[in-house]
Amino acid sequence: MQEKKPSLFPSLKLVAIAAIAGIIAGGVAVYMKETAKGNGALDVAAIDCAPAAATIARLTPFAKGQVAAFIPSAAPQMLTLPAFKDGEGRDVRLSDFPGKVQLVNLWATWCVPCREEMPALNALQKSLGGDKFQVTPINLDNGVDVTKPKEFLTETKIDALPLYHDGTLASFNTLKKAGVAIGLPATVLIDGKGCMLGAMNAPAAWESDDAKALIRAAVGEGV
């Protein structure tokens with residue numbers, strides 16, 4: 001028998017999904033049932049996000065191609081999520097990374113598009129991650145046991161992303177109630193103050209030149 005070649009990351013497949021999502025919002029999202037109530041909220045009054053409008057205007061032209069489903073925020077607002085856990089069970093908050101643009105990605109091992117997207121997010125972190133930017137993935141597998149997501153990250157050689165975990169689904173529920181997330185994967189881009197720059201309810205080829213251009217525009221670097 002002829003040896004079957006390993007499949008490459010399905011960028012074209014993700015592009016197609018993202019394009020559809022841009023037309024019918026969330027049409028390909030993996031829908032979730034709300035099983036826990038989050039105590040976080042989108043707090044507009046917590047910080048002045050008005051200056052983020054200039055960043056949104058700068059990155060908007062780059063929401064195209066393989067990140068065409070990315071929707072820039074109409075009015076920037078503060079993103080506050082409940083605390084989630086790191087791989088050792090310690091509390092982590094988005095505010096623990098001040099000054100960094102963050103691509104916050106909600107994912108789960110049972111979500112097929114999420115699993116397909118993770119290598120691209122890993123590649124994006126390797127390429128652009130640093131003092132000014134990071135990918136912040138939050139796993140939503142139910143419960144406190146993180147064995148399954150840990151095994152997935154190891155098996156798929158996701159070596160640049162940390163394991164953050166929210167087994168209560170509070171992160172998702174907070175974004176859902178705010179009208180930001182309707183399914184998985186759900187991705188939100190925030191600036192260094194925590195102001196929301198835009199969101200996507202579909203997987204994307206985050207390792208692509210289009211995605212990198214979007215992130216560089218958000219950070220304020222040349223493209």
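Which residues of helix 5 are buried? They are Ala170, Ser171, Phe172, Asn173, Thr174 and Leu175. The cover over these buried residues includes strand 4 (101-107), strand 5 and strand 7.

## How confident is the prediction?

Across the protein, pLDDT averages 85, and 78% of the residues score at least 70.

## Two disulfides

How many disulfides does the model have? The count is two.

Cys49 sits in the loop between helix 1 (11-23) and helix 2 (52-59), while Cys195 sits in the loop between strand 7 (186-190) and strand 8 (196-200), so the bond ties together parts that are 146 residues apart in sequence. Are these two cysteines buried or exposed? Cys49 is buried, at 5% relative accessibility, and Cys195 is buried too, at 1%.

The other disulfide is formed by Cys111 and Cys114, whose sulfur atoms are 2.3 Å apart. Here the angle about the S-S bond is 75 degrees, and the link is right-handed. Cys111 is buried, with a relative accessible area of 1%, and Cys114 counts as buried at 0%. If you number the bonded cysteines in sequence order, the pairing reads 1-4, 2-3.

## Three salt bridges

Next come the charged side chains. In general, side chains of opposite charge can pair when their charged atoms come close. The structure holds three such salt bridges.

Asp91 pairs with Lys85, and the closest N and O atoms of the two are 2.5 Å apart. Asp91 is partly exposed at 43% relative accessibility, and Lys85 is partly exposed at 36%. Another salt bridge brings together the side chains of Asp86 and Arg90, at 2.8 Å from N to O. In this pair Asp86 is buried, with a relative accessible area of 13%, whereas Arg90 is exposed, with 52%.

The remaining salt bridge is between Asp159 and Lys126, at 3.0 Å from N to O. Where do these two residues lie? Asp159 is in the loop between helix 4 (147-155) and strand 6 (164-165), and Lys126 is in helix 3 (residues 112-128), so this pair, 33 residues apart, links distant parts of the chain. Asp159 is exposed at 55% relative accessibility, and Lys126 is exposed with a relative accessible area of 53%.

## The nonpolar core

The largest nonpolar core has 62 residues. Which residues have the most contacts inside this core? They are Leu189 and Trp206. Helix 3 gives the core its largest share, six residues.

Leaving aside neighbours within four places in sequence, Leu189 is in contact with Leu59, Phe70, Val101, Gln102, Leu103, Cys195, Met196, Leu197, Gly198, Ile215 and Ala218.

## A buried asparagine

A last stop is Asn139, found in strand 5 (residues 133-139). Is Asn139 buried or exposed? At 0% relative accessibility, Asn139 counts as buried.

What does Asn139 touch, not counting residues up to four places away in sequence? Its contacts are Trp107, Ala108, Thr109, Pro149, Leu163, Tyr164, His165 and Asp166. The strand that holds Asn139, strand 5, is also among the elements covering the buried residues of helix 5, which brings us back to where we began.

Definitions and conventions:
Residues numbered from 1 in each chain as written. Predicted model: local features only at pLDDT ≥ 70, side-chain atom pairs only at ≥ 80, totals over all residues. Heavy atoms only, no water. Disulfide = S-S within 2.5 Å. Helix = DSSP H or I, 4+ residues; strand = E, 2+ residues; numbered from the N terminus. Buried < 20%, exposed > 50% of the residue type's maximum accessible area, 1.4 Å probe, protein only. Contact = heavy atoms within 4.5 Å. Salt bridge = Lys/Arg side-chain N within 4 Å of Asp/Glu carboxyl O. Core = buried A, V, L, I, M, F, W, Y, C linked by side-chain atoms within 4.5 Å. pLDDT = per-residue confidence, 0-100.
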